[in-house]
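Subject: Structure for you to look at

Hello,

Here is the structure I promised to pass on. Please open it first, then read my notes below.

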Amino acid sequence: MGGAALAAGGLLLPGTAQAAPRLTTPSPVALDLPTVPAPRSERTAGSALRPFGRHLAFGADPSQQVVVSWQVPDAVTAPFVRIGVQPGDFGAPVAAEVRTLVSKLSWQKPVEDQPPVKPTTVTQYYLHAQLDQLIPDTTYYYVVGHQGYDPAGQHTRLGDVASFRTAPAPGRGAGFTFTAFGDQGIGYNAAATGHLIAGLDPAFHLHMGDLSYANAGGSGKTSDAYDARLWDSFFVQNDPVASRTPWMPAIGNHEMEPWYGSDGYGGMRARFTTPDNAWSQSTGIYSWRYQNVGLISLDGNDVCYNTPANLDYTKGKQKKWLESRLAALRADSGIDFIVVYLHQCTYSTCHDNGAELGAQQDWAPLFDKYQVDLVLSGHNHVYERTDPIRAGKATRKVASGDTVNPVKDGTTYVVAGGGGGGLYSFPVSDTYLGHETGNDKPVPMVVSERGGHEQTVKVTWSRVRYTGYCLVAVDVTPGAAGKPARMEVRSLTEDGTAVDRVTVQRG
Ligand SMILES: [Fe+2]
């Protein structure tokens, strides 16, 4: 999602934060009279503008590439990141790119509207510093700043120091954990799942879309209620976790913000920098690897029949790219597992958003062909795990605690949409670790078809269902001494209780 060249309707204005802010002497204000403030850039100095909303992302090679992103509350001059391998011993400033996002308030339906001082636009300053040629398997400490605010300068601000760790060089690591959820939003449940990530201290976190719900409607139409300022709350909420653990987002339907360019992703391109390696500005569609795991992020809006604003917008390019990436990863002897993550559900029995026929038709045959090990999605605000599926059918029953061999059995699909943004429900009772119903009757699945029609079919693969906030934690162990590589997939509730556990093992 990188690139300063975004010109979505002229809304992203690279370099507009470069004008030097001027400090003016404040004059007394009568508290009972309305005042019209001067433009903020004329009344603030850099020293008064504390960075916030830090979030990290890996580049395509996480052993060497990390992107540090953050926000400032007003225009600043010469933003930078300083890094070092010892806390307090930072190197020279590395310049950050400024992506200024201007959003008209007339698009929006603000929660509060306080007259008479009412802004007509919201201006957000997103900063991104792309670090390359880092040392593998190394903890780096960093601070972010700008002219007038240097946490590593004369007045060291230890509270501003954060850290990250690069991945081991491919083939060198001893195993790692990653976490995943979708549909997080803002609030105490969203913060709680974030705290759970912090406690697990994963190598990275996958976010399967529907991030802030700043676009409350999620239809991708300009009639959606939208308030760009909610993105500030989202990044503030997640800063304690995302400032030290790279978050790798996929695109959800609520990320279609049609005010920002033809695909509606101009805002996402301003806020996030993820590997830009499918094609130029292939927002949310990218591939990377972490040790022995190949990862692919897809944009489900491209195949989504029930929210069709961006249906077929890549004109087949995404499917073609997906096949080439799957083929390359499966041919790579250093890759054991392929994990695909996206927002919409290929298979799910939760009725609220159902399952996507487009994903079943376009992508599932490729997941079969290249033996994708795990597909993670959100969209339905529940947890659900399928038995392994091939050609649309379960190959065998895999209860919690069992082991799947994807080579023989097929692909396991997991819905983990309990990140915090409200909960949905199943048409039949939950069944999960320690609360198995033992009821194997077929379960109805609603699928949307092209044109908005729906059909209901009965399926037998819905093995684990849990209605509650949760995340997925995956512990990856490389093969060694004759033992095959393994992924232990766990679903954990807000308080860390496991409601599902399955081992994915090749060989
Ligand atoms: Fe969604």
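This is a predicted model: local features need pLDDT of at least 70, side-chain atom pairs count only at pLDDT 80 or more; totals for chains, interfaces and linings use all residues.

**The iron site**

Start with the donors. The protein supplies Asp 210 (OD), Asn 253 (OD1), His 343 (NE2) and His 379 (ND1). They lie 2.1 to 2.2 Å from the iron ion. Along the chain, their spacing reads D-x42-N-x89-H-x35-H. Asp 210 and His 343 link distant parts of the chain, being 133 residues apart. Asp 210 sits in the loop between β10 (204-207) and α2 (230-242). His 343 sits in the loop between β14 (337-341) and β15 (355-356). Both Asp 210 and His 343 are buried.

Now look again at His 379, one of the donors. Its place is in the loop between β16 (374-377) and β17 (383-386). His 379 has a positive phi of about 75°, although it is not a glycine. His 379 counts as buried because its relative accessible area is 2%, which is under the 20% limit.

**Another positive phi**

Asp 183 is also worth a look. Its phi is near 60°, a positive value in a residue other than glycine. You will find Asp 183 in the loop between β9 (176-181) and α1 (188-200). Its relative accessibility is 0%, so Asp 183 counts as buried.

**Cavities**

How many cavities of 30 Å³ or more does the structure hold? There are four.

The largest cavity has a volume of about 70 Å³. Its lining includes His 55, Leu 56, Leu 211, Trp 247 and Phe 272. Phe 234, Phe 235, Asn 238 and Ala 242 also line the largest cavity. The largest share, four residues, comes from α2. By class, the lining of the largest cavity has seven nonpolar, two polar and no charged residues.

The second largest cavity holds about 40 Å³ of space. Among the residues that line it are His 55, Leu 56, Trp 247 and Phe 272. You saw those names in the lining of the largest cavity too. The lining of the second largest cavity also includes Ala 57, Val 67, Ser 69, Pro 249, Thr 273 and Thr 274. Here β1, β2 (66-72) and β11 (247-249) each supply at least two residues. The largest share, three residues, comes from β1. By class, the lining of the second largest cavity has six nonpolar, four polar and no charged residues.

**A hairpin**

Last, go to strands β22 (residues 443-448) and β23 (residues 454-459). They run antiparallel, and six bridges join them. Which residue in β23 is the bridge partner of Met 445? The partner is Val 457. The two strands, β22 and β23, form a hairpin with five residues between them. In the turn, Gly 451 has a positive phi of about 95°.

Best wishes

Note on methods. Residues are numbered from 1 along each chain as its sequence is written. Side-chain values use heavy atoms; hydrogens and water are left out. Two strands pair if DSSP finds at least two bridges between them. Donors are N, O and S atoms within 2.8 Å of the metal (3.2 Å for Na, K and Ca); water is not among the atoms, so sites may look incomplete. Buried means under 20% relative accessible area, exposed over 50%, partly exposed in between (1.4 Å probe, protein chains only). On a 1 Å grid over the protein atoms alone, a cavity is a set of points where a 1.4 Å probe fits but cannot get out, and a pocket is an open set with protein on both sides within 12 Å along at least five of seven lines; lining residues have an atom within 4 Å of a point. Grid points are joined across faces, edges and corners, and a volume is the space filled by probe spheres set on the points. Ala, Val, Leu, Ile, Met, Phe, Trp, Tyr, Cys and Pro count as nonpolar, Asp, Glu, Lys and Arg as charged, and the others, Gly among them, as polar.
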